[in-house]
Amino acid sequence: MLDVRRIQVLRAVVETGSVTAAAQRLGYTPSAVSQQVAALEAQAGTPLLERVGRGVRPTEAGTLLAGHAELIGGQVALAEAALADLRAGRTGRLTVRYFATAGPGLLAPALARFREQHPGVGVELRLSEPDDPLAEVAAGRADLGLVVRPEAPPPPGVDLVRLLDDPYRVALPPDHPLAGRDVVDMADLAKEPWVGSEPPGPCLHAVLQGCAAAGFTPEVAVECQDYTTAQGFVAAGLGIALLPRLGLAVPHPGVTVRPVRGPEPARTIRAALRSGAPRTPALTGLLTALREAAGPLGGPSAAHPYGS
């Protein structure tokens with residue numbers, strides 16, 4: 001393969017008409033220029049310059065390569081500019097995995113902030129379950145994943161950044177005796193029929209852990225796996241449900257929602273990133289935007305975007 005730098009040296013010799021003038025333009029010694037041209041001739045397998053009086057002129061092959069040098073130089077300049085834009089976070093693409101209830105309240109406002117600061121960066125969004133993206137992040141198929149993860153060591157190949165704790169609320173029929181309270185004690189829900197809204201996984205774990213701390217195991221009368229349907233069952237009087245705050249973005253008109261205590265169950269939402277992956281300006285900007293969006297929801301400060 002022909003050496004691009006040597007072709008640019010040849011171009012300087014052709015344009016100036018002498019090795020000495022080319023050396024002055026490039027800041028080289030004349031002998032260094034001669035050596036570069038000689039090496040390029042060896043690569044090309046044909047003479048590129050011929051002497052004319054005190055100067056030189058290109059052979060047909062030299063003219064050919066000098067003409068291509070201008071095109072090559074232009075492409076290199078474009079590549080350098082594109083690389084600079086990518087390093088600065090002005091261009092690029094990020095792949096994000098998220099779960100449904102993180103979309104409206106957390107991810108959407110974060111992306112609005114991010115696009116103001118990085119309008120040239122594309123973001124590919126794909127829906128997943130709350131604990132599914134970890135393998136994709138570890139394998140590099142996703143740049144960032146939103147996951148529900150309790151306090152535990154991260155899996156191999158993944159760094160976890162806490163965004164917020166999403167507390168659970170109790171959804172009650174409006175005429176339920178507990179609906180008149182400002183706050184409901186978890187122990188008062190022990191004998192109620194429950195509408196189960198969580199599939200097995202980290203979200204259900206947070207609910208069951210809260211019930212266990214209050215001294216009971218919930219009796220599930222109706223099972224479903226989405227929060228909208230669960231509210232419909234509650235409104236119909238089939239039971240009560242414990243739902244995360246982010247899952248109540250669209251409240252059912254026939255349901256009363258109250259905070260709980262003793263304890264207040266919460267699921268911890270974290271950002272998952274591949275260990276050792278370059279922390280590019282675009283990725284750092286998205287994580288900062290997520291932390292800023294999480295702040296009003298009870299998340300940590302965005303001052304340290306890679307804090308745990």
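A: Helices (H or I, at least four residues) and strands (E, at least two) are DSSP runs, numbered from the N terminus. This is a predicted model, where local features need pLDDT of at least 70, side-chain atom pairs count only at pLDDT 80 or more, and totals for chains, interfaces and linings use all residues. Residues are numbered from 1 along each chain as its sequence is written, and side-chain values use heavy atoms, with hydrogens and water left out.

Q: Okay, pockets. Which helices each supply at least two residues of the largest pocket's lining?
A: H7 and helix H8 (227-235) do. A pocket is an open set of points on a 1 Å grid over the protein atoms alone, where a 1.4 Å probe fits, with protein on both sides within 12 Å along at least five of seven lines; lining residues have an atom within 4 Å of a point.

Q: Which one gives the largest share?
A: H8, with three residues.

Q: What volume does that pocket have?
A: About 500 Å³. The volume is the space filled by probe spheres set on the points, and grid points are joined across faces, edges and corners.

Q: And which lining residues lie nearest its centre?
A: Ala100, Thr101, Gln225, Asp226 and Tyr227. The whole lining has 26 residues.

Q: New topic: the largest nonpolar core. How many residues does it have?
A: It has 47. Leu106, Leu144, Leu146, Leu163, Leu189, Leu242 and Leu290 touch the most other members. A nonpolar core is a set of buried Ala, Val, Leu, Ile, Met, Phe, Trp, Tyr and Cys residues joined through side-chain atoms within 4.5 Å. Buried means under 20% relative accessible area, exposed over 50%, partly exposed in between (1.4 Å probe, protein chains only).

Q: Which elements give two or more residues to this core?
A: The strands are E3 (92-98), E4 (121-127), E5 (144-148), E6 (158-172) and E12 (266-274). The helices are H5 (102-117), H7 (202-213) and H9 (281-294). H9 gives the largest share, eight residues.

Q: What does Leu290 touch?
A: Leu106, Leu107, Ala110, Leu144, Leu146 and Leu163, not counting residues up to four places away in sequence. Contact means heavy atoms within 4.5 Å.

Q: What lies apart from that core?
A: Another core, of 16 residues. Leu10, Val33, Val37 and Leu40 are among them.

Q: Back to E5. How many of its residues are buried?
A: Five of its five, so the strand is mostly covered, given that buried means under 20% relative accessible area. Leu144, Leu146 and Val148 are on one side, and Gly145 and Val147 are on the other.

Q: Which way does E5 run against E3, parallel or antiparallel?
A: Parallel, with two bridges joining them. Strands pair if DSSP finds at least two bridges between them. Arg97 has Gly145 in E5 as its bridge partner.

Q: And E5 with E12, parallel or antiparallel?
A: Antiparallel, over four bridges. Val147 stands opposite Arg270 in E12.

Q: What about E6 and E10, parallel or antiparallel?
A: Antiparallel, over four bridges. Ala171 stands opposite Ala241 in E10. In strand E10 (residues 241-244), Ala241 and Leu243 point one way and Leu242 and Pro244 the other way, and all are buried.

Q: How many bridges join E8 to E9?
A: Four join strand E8 (residues 193-196) to strand E9 (residues 219-223), and the two run parallel. Pro193 stands opposite Glu219 in E9. The chain crosses from E8 through H7 to E9 in a right-handed β-α-β crossover. Right-handed means that, with the strands pointing away from the viewer, the path from the first strand over the helix to the second runs clockwise.

Q: Single residues now. Why does Leu94 count as buried?
A: Because its relative accessible area is 6%. Leu94 is in strand E3. Leaving out residues up to four places away in sequence, its contacts include Phe114, Val123, Ala282 and Leu286.

Q: Ser128: buried or exposed?
A: Buried, at a relative accessible area of 13%. Ser128 is in the loop between E4 and helix H6 (133-138).

Q: And where is Gly67?
A: In helix H4 (residues 60-87). Gly67 is partly exposed, at 40% relative accessibility.

Q: Last one. Is the peptide bond from Gly262 to Pro263 cis or trans?
A: The bond is cis, with omega near 0 degrees. Most peptide bonds are trans. Pro263 is in the loop between strand E11 (256-261) and E12.
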